[in-house]
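Q: I would like to learn how to read contacts, sheets and cores in a multi-chain model. Please take me through the one shown here.

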Amino acid sequence: MTVTTQTVTVTVDGVAVEVPAGTLIIRVAEMLGTAIPRFCDHPLLSPVAACRACLVEIEGQGKPQPACAIPVADGMVVKTQHTSEMAEKAQAGVMEFLLINHPLDCPVCDKGGECPLQNQAMANGRSETRFNGTKRTFPKPINVSAQVLLDRERCVSCARCTRFAEQIAGDQFIALLERGAKQQVGTSEDQPFDSYFSGNTIQICPVGALTSAKYRFRSRPFDLVSSPSACEHCASGCAIRTDVRRSSVMRRLAWDAPEVNEEWNCDKGRFAFPYLSEGRLTTPLVRDEDGNLVAASWPEALRVAAAGLKKSGAATGVLTGGRVTVEDAKAYASFAREVLGTNDVDFRARALSNEETAFLATHVAGKPIDVTYGDLEVAPSVLLVDFDPEDESPIVFLRLRKAALQNRTKVFSVAPYMTAGLAKMKGTLIAAGPLEAAAAIAGAADHVKAAGSIILVGERAATSPGALKAAADLAASTGARLAWIPRRAGDRGAVDAGLLPINGRDTGAILAEAGKAVKGLLIGGVSASDVDGNLVAAIDNAEFVVSLETRHTDVTERADVVLPVSVVTEKSGTFRNWEGRDRSFNVAIPTAGALSDAAVLEELARELGSELSDTNFWASAAKPELVAGSYNASVGAGQAVLSTWKHLLDKGSLQEGEPYLAATARVAVIRVSPATARSLNLTDGSQATVECCGNKATAPVIETPGMVDGVVWIPTNSEGAALNLPSGCVVNVSGGAA
Amino acid sequence: MSFSEQTREKARDIISRYPQSRSALLPMLHLVQSEEGYVSADGIAFCAEELALTTADVAAVATFYTMYHRKPVGEYHIGVCINPGCGILGGDTIWSTLCERLGIGNDEVTEDGKISLERIECQAACTHAPVMTANWEFLDNMTPESAIDAVEKLRRGEEVKSTRGPRIRTFKENELTLAGFDDGLAGEGGNADESMLAGLKRAKELGQSAPEVKK
Amino acid sequence: MTLTPVLSAHWDEADSFTIGGYMRHGGYTAFKKAFATGPDDIINTVKDSGLRGRGGAGFPTGMKWSFVPQNDGKPHYLVVNADESEPGACKDIPLMLANPHALIEGMIIAAYAMRCNHAFIYLRGEVPHVFRRVNAAIREAYTAGYLGKNIMGSGFDLEIVLHAGAGAYICGEETALLDSLEGRRGQPRLKPPFPAVAGLYASPSCVNNVETIANIPYIVNNGVEWFRSFGTEKSPGFKLFAVSGHVKNPGIYEAPLGITARELIEHAGGVRDGHEIKFWLPGGSSVPMLTPDLLDTPMTYEDIAAAGSMLGTGTPMVFDDSTSVVRAVAGWLAFYKHESCGKCTPCREGTYWISDLLHRLENGEGQESDLDKIVELCAQISGRSFCALGDAASTPFPAAIKHFRDEFVTATSTPANDSFDPFAATVFAGATR
């Protein structure tokens, strides 16, 4: 696509510059290094010209004009406060007005020290106020959500937060209420600002009106040491900033990555970090003669671990989990295949299939960057398969919503019902349950025919038999490009490193054979709640178990040797996001003795008389053929096919210790179509229970028009309804609590 | 409160007047007030549901306009114009007289729920100053005495006629009118009053008129 | 200058507001003439007539109509601004009560000229009886076949919807009105795009005042030459002058533009005996007040501007020597503070501050330095606010202090009600009738 950009010549403070037509005056000034004051202006939000801080003189116009809202025209002559008395006076007047009702509480305000209003008042404001009236006050603060607090008297009505909620997140749960001097941001009485993206409003607030319960009164900006970081919570690949004071993370912010997260992130990435310090393992542990886990020195623990692993050797199963960095993934791959000589290695701690293994090997592993965020933004059509971006890759959601709102991109989704996220993307539902997904994909050819169309498959496609094959076939037949979007930050790096059971046992088989063909287990970041099947039983069955972990878990409790590894803030590394894009990060909190998984594996290898290599596994691996999976389900009376995924905020272990965040999570509900509700004797609004193999959960029923019949949906591992079954299961559904 | 199916039908009737549904929000909030006497959280939720908006979005609108009340007003909501054009010509005196007589202030309701008072701004009736309104019907050229008389009559349930309109009805009844539902009263209140006709009368007295069209 | 009732010529007939009353005097003949003339020629006629917007700004109506792009395939909307809320303005409300069909017929012609098939009347909410009258008139016009599909076999369709506002002066600003009509907070929109390009529902739209549109049938029927026989070259036509305040017979006086305030006040019986005019406002509280020495200024857009004020809504408000100017200005600023929409900083915070200072002056508190401070604060709003409401709010005080500085100085120590007995200024003290 060729884009021809018309340029115009404009003069700012006497400097002529050629810029693309339509550029706003304030952006042109930025290019020239001229800072025009601003509060309401934000480059990613539509202009409102409300605060009037950026008034400049435009030659030929009698009144000063808002630089944030006026696109330059050819020959325009602009004078900022540096060269125009009109502009300078106008800006000074606005600054004075902004301050008359603003409290002088900078010393106790979270924003103090990094506050645009404070900075501009110091730079351009009067030294003494002329206002001797009574300042506007409000009871303070109010909760707009459990996490986000609002001190209304600090607000300057810039409407950044409300525009963000409407234009970016699509969660218009905050709005400007009242009018005139009483105008204030607020919520309605019955709906708090529970948005997955609410924290961004705190970050873009140009004053201290919005603060987080998490960070409020915790620190001063100038006491923080900031490190650029990569978010570890999902495969979106956000750039974030970690702010540390005295070796503790105080807060995390979205950082600037125009090609990925722009300037946003989700609340999980922003607030879910207490796990980094709580419940940490501090020393290696070794099981003693009495069967108790006791603290051990690193040399002893490594010796015991090496001895046990030497014994199990090629009969060792290696489970790495999906949170590994690219470097750690390579180390696991080399350690398993080359040091131990086993092919029983898998990163997947979730439902999987042979079809998926083949799909990942043939369509994902080792591929260069193909589909990008930028491509999503210009695609005529995007087909989502078993993937709800708002829950499962929130930055993908934001980008797709942006594209959809600009009427560029049509979003289609093969899913059981119209989710809130799909509605916010103005998407079209292709209703299908897990067992019908493959057919629905095959029938969606018309939607992805236009050049540039994209198919995005989620990791849940592994639970829809034939779906991955169907998606690959559809891409091949239509020319649409295909990308796989997993949930965890380490998943894509793990696939590329070869942490897949090529010629070996997958996670399910490893656990099933534990104590039989599989003698030993080496387990990375996996916990019992992650895995379909009985991990606890497998550990108990295995002869020897080594656990590499950051915190005490149900695995470390049962392992023979526990080797503590560092969390993301203590190590450097790289996360590879779903695009295949790498984001490297450095140590944010230097910690003596902290070792990454890779460093521990290297020591173990050395103990075993070997060493790790950097072999490219996929260069020589035999890739299995992609064959559609099959199913044989019979759904009886009182039963339905389960569809489930994890809400972004749930009982995940990395979200522990953050009650304000947890309080904004979506509550668990059971969804069925009205017809299915009738056939299962369920009543809208009353409780029902979903059950299979002893695993069950109870939640209120929501009859969902347009939902596919014969399917029941409930979130996985949600607070109050901790169901842990994969999609595609046939479950019993009954009215009432369990 | 919950809204009946008839009210929902009225809401849909309002929505059908407009090319885009959201335009129905202001009349729908009048409809809500015709049911509730104010706009409650339920009323906001009702509009949000019918128009597929968030409740915050509806609350933002409901709190912007002064005619929407977030707590119940009296059966007769009395406005006294205190904008200088009326206030100086007697509105301020009428206001303080009424407050004293009723024992209530701005945005307050008498204990019996009959009367509420509001200091209102210009009603586009400056030629009829000082002006009051009862459920927004004009009570023109008022005095403290005539103001008290009108309010006491309304309180007792006696008939009071608008000086340029029909018999004063309840707040809820008039809100239904403003939601766009005909009450059959358009012909009440006469064609024009003395002030509206002052110029025409004067022209006729002086024998003045607009020039004829040259054929 | 003589009075020339046109719009108000038959208001004294008992059925003036009905279709029968309107048609008895030639009503609903102009639109048929317009249909025979063709839309572009109607726009030209309105241009040639020199009709200027009667809502306050005085923008040439024909030119405004010609800004609506034609043959663009988009729906067009005509929106009548019936939000009359300017303090002192009270001419549209009487017009709609007594002669609503002139508005309806004017809308048919305007919509036809601009190729609109959907028109709205945005009526302020506080006038239920006007709502009834206008809605009844619309119904009568539908019944007569003058509205709806294929009007009189012309192939032209027009739907008119009457819409009640809910209490917000700012909705008189045309873009705030459009947002309000779309069911939003009535806050003004960023321009460009202008309503003619992207107005209601982001489609080409034209917003006109009630009185402006009501002029149209008379211009179409009687011709440009007739219309221009009223008024001046730059301010042609006639006007509903609403004379209020301290005059014996306040009311509506319809006369050619160019009549003087002195003449209008004489028609209204003059001020009561023993009193003199202290100050007067040509058209609403948003225009600078003038002193009696300028009462002979012709009431035209150009002459009133030359005298240092604005014609505005053309509704002179008269205050005699019993009036405290401090109390009047404090009251108007309280109004602007109450009605500021809150969107932009200068208007939201400036009216808060100035209103506070004036309130204190009204109570006899303050310092002389406050007076210059208020002038400066007004200058910090004027020309810098988002819309004209800020400009309006910064108008009354600088105009008043120019003429009555001593009175404001006195107010720093003496409450206004001590300097001026408030009862003396009331109607019931004999100030009118």
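Predicted model: local features only at pLDDT ≥ 70, side-chain atom pairs only at ≥ 80, totals over all residues.

Q: What do the element numbers and the words "contact" and "buried" stand for?

A: Helices (H or I, at least four residues) and strands (E, at least two) are DSSP runs, numbered from the N terminus. Two residues are in contact if their C-beta atoms, placed from the backbone, lie within 7 Å. A residue is buried if 20 or more other C-beta atoms lie within 10 Å of its own, exposed if 12 or fewer, and partly exposed in between, again with C-beta atoms placed from the backbone.

Q: How many residues of helix 8 of chain C are buried?

A: Eight of the eight residues in helix 8 (residues 174-181) are buried.

Q: In which order do the strands of the open sheet in chain C lie?

A: Two strands pair if DSSP finds at least two bridges between them. Here four strands make an open sheet in the order 3-2-1-4, with parallel pairing. Strand 3 (159-164) and strand 4 (205-209) of chain C are at the edges with a single partner strand each, so one side of each has no neighbour in the sheet. From one strand to the next, the twist averages 20°.

Q: Which residue is the bridge partner of Val80(C) in strand 2 of chain C?

A: The partner of Val80(C) is Ile121(C). Strand 1 (residues 77-82) and strand 2 (residues 118-123) of chain C run parallel and are joined by six bridges.

Q: Which strands does helix 7 of chain C lie across?

A: For angles, axes are lines fitted to C-alpha atoms, for helices over the stretch in contact, and the values run from 0 to 180 degrees between N-to-C directions. Helix 7 (residues 128-143) of chain C lies across strand 2 and strand 3 of chain C, at about 170° to strand 3.

Q: How do I read the hairpins of chain A?

A: Look at the pairing, then at the turn. Strand 1 (residues 7-12) and strand 2 (residues 15-20) of chain A are antiparallel over six bridges, and Thr7(A) has Pro20(A) as its bridge partner. Two residues lie between these strands, and Asp13(A) takes a positive phi near 50°. Strand 26 (residues 573-576) and strand 27 (residues 582-585) of chain A pair antiparallel over four bridges, with Gly573(A) bridged to Phe585(A). That hairpin has five residues between its strands, and Gly580(A) in the turn has a positive phi of about 100°.

Q: How many residues of chain B are in contact with chain C?

A: The count is 69 residues of chain B, against 84 residues of chain C. Helix 5 of chain B gives the largest share of the chain B side, eight residues. By class that side has 36 nonpolar, 24 polar and nine charged residues; Ala, Val, Leu, Ile, Met, Phe, Trp, Tyr, Cys and Pro count as nonpolar, Asp, Glu, Lys and Arg as charged, and the others, Gly among them, as polar.

Q: And where does chain C touch chain A?

A: That contact takes 22 residues from chain C and 26 residues from chain A. On the chain C side, helix 14 supplies the largest share, eight residues. The classes there are seven nonpolar, seven polar and eight charged.

Q: Which residues touch the most other members of the largest nonpolar core?

A: In soluble globular proteins, nonpolar side chains tend to be buried together. A nonpolar core is a set of buried Ala, Val, Leu, Ile, Met, Phe, Trp, Tyr and Cys residues joined through C-beta atoms within 7 Å. In the largest one, of 463 residues, Val385(A), Ile455(A) and Ala471(A) touch the most other members. Helix 6 (residues 100-114) of chain C gives the largest share, eleven residues.

Notes:
Residues numbered from 1 in each chain as written. Chains lettered and ligands numbered in written order.
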